[in-house]
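Thanks for coming. I will go through one structure, a few pieces at a time.

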Amino acid sequence: MTDPAHWSLDRDPPRDSALAGRLRAAGGGAPDSEVDWDRLQSAIMAAAGGSRPGVHGAEREWWDVVVRWRRAAVAASVAAILGAGGMVWRGGPAAEELAISEGTAPESVALARVVADYPDDAVLVSFLDNARADEFTAWGDR
Amino acid sequence: MSEGAGPPTPVAPEPTPDAEEAQALSRVQDGDVEAFDLLVRRYMRQAYAVAFRVLGHREDAEDVVQEAFLAALANIRTFDTSRRFGPWLYRIVVTRGLNFRKARSRRTTDPLDDAGAASGVPGPAAEAERDELRASIGEALANLPERQRMVVQLFELDGFSGAEIGAMLGISPGTVRWYLHEARQALRGMLAHLQESAG
């Protein structure tokens, strides 16, 4: 081991390799081989992401969250607009399919023409308020 | 690290951070948490060694390392980026470790037993000899005052310099060297019988 007299307050003494060897051989070293460093690093960074300081060291503010999610929000908006446009485009042909055909029975054509003059909700209310099976039957038999 | 013979030292005693570290510190201070990763990778192992010296328990040491990094991040804007991050972090580790130890004082820890578990599996004779050596050194270390024990382990085993240890423990480098001198003397005295039996 190092000469006991060889030391100074002004500078570090040489390392005592013999003493270090004994301490290490006796298991005095930190058991760093047992540590999963990748897992520890990931845990620290995951926790760090959840406690990000603000510009002035404060906790995260709502605008930080907005900024973080802005790309996702833009993408979702574009997708929603495209989806709505697609639905409108597909709605056109469906309306045409519901158009009155000349081949339909005369009573149905007459009813359809009357109904077409009123808003859809008014027609629906009328049917729900007044329609009974006997009335439909009587009207149909006329 | 200091000059002299012995194992290579893991931490360089640079008074200022290198360019990579300075840039990472600056980015973290501007709110870029991803840049913190470089500091974690660079100082994680040394921080763990310090925590283990304080706590003597592997899992507790890992917990304290994580806590210390998060505490450093939370206070990063108060840090002077012209200085190295490591010594500041180690000081946080020591403080947190001491608090952690107080909070869990009911838990019994034996650093040498825990550390010994990391070793390989020797034969019966070698194991008996090793057990005797471990017991002797464990007893010798346990008889040291805590600061002397930490100083000698941090210096001889973990490769920290006197200045670095002083910064961690909040004492002057000269005091660290005095503790180191005292610890070495005490260990030599207590382990003399091992040298005689070996000779």
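**Helix contacts and confidence**

What you see is a predicted model. I start with two helices of chain B: helix H8, residues 162-169, and helix H9, residues 173-190, whose axes come within 8 Å and cross at roughly 105°. H8(B) and H9(B) are therefore roughly perpendicular to each other, since an angle of 65 to 115 degrees counts as that. On the H8(B) side the contact is made by B:Gly162, B:Ala163, B:Ile165 and B:Gly166, and on the H9(B) side by B:Pro173, B:Thr175, B:Val176 and B:Arg177. Sorted by class, the residues where H8(B) meets H9(B) are 4 nonpolar, 3 polar and 1 charged.

The second pair is also in chain B. Helix H2, residues 36-55, and helix H3, residues 58-74, have axes that come within 8 Å and cross at roughly 135°. That angle makes H2(B) oblique to H3(B). The crossing of H2(B) and H3(B) is right-handed. From H2(B), the residues in the contact include B:Phe36, B:Val40, B:Met44 and B:Ala51. From H3(B), they include B:Arg58, B:Asp60, B:Val64 and B:Phe69. The contact of H2(B) with H3(B) divides into 14 nonpolar, no polar and 3 charged residues.

B:Leu98 lies 47 residues from B:Ala51 in sequence, and the two are 9.1 Å apart in space, C-alpha to C-alpha. B:Leu98 is found in helix H4 of chain B, residues 85-103.

Now chain B as a whole. It has 10 helices and 0 strands. Of its 199 residues, 42% are buried. Among contacts in chain B with a separation of 6 or more, 69% join residues 24 or more positions apart.

Last, confidence in chain A. The average pLDDT of chain A is 70, and 53% of the residues score at least 70. Where pLDDT is low, the predicted coordinates should not be read in detail.

Notes:
Residues are numbered from 1 along each chain as its sequence is written. Chains are lettered from A and ligands numbered from 1 in the order in which they are written. This is a predicted model: local features need pLDDT of at least 70, side-chain atom pairs count only at pLDDT 80 or more; totals for chains, interfaces and linings use all residues. Axes are lines fitted to C-alpha atoms, for helices over the stretch in contact, and angles run from 0 to 180 degrees between N-to-C directions. Helices (H or I, at least four residues) and strands (E, at least two) are DSSP runs, numbered from the N terminus. Angles under 35 degrees count as roughly parallel, over 145 as roughly antiparallel, 65 to 115 as roughly perpendicular and the rest as oblique. Two residues are in contact if their C-beta atoms, placed from the backbone, lie within 7 Å. Ala, Val, Leu, Ile, Met, Phe, Trp, Tyr, Cys and Pro count as nonpolar, Asp, Glu, Lys and Arg as charged, and the others, Gly among them, as polar. pLDDT is the predictor's confidence in each residue, from 0 to 100. A residue is buried if 20 or more other C-beta atoms lie within 10 Å of its own, exposed if 12 or fewer, and partly exposed in between; C-beta atoms are placed from the backbone. A crossing is left-handed if the near helix is turned anticlockwise from the far one by less than a right angle, and right-handed if clockwise.
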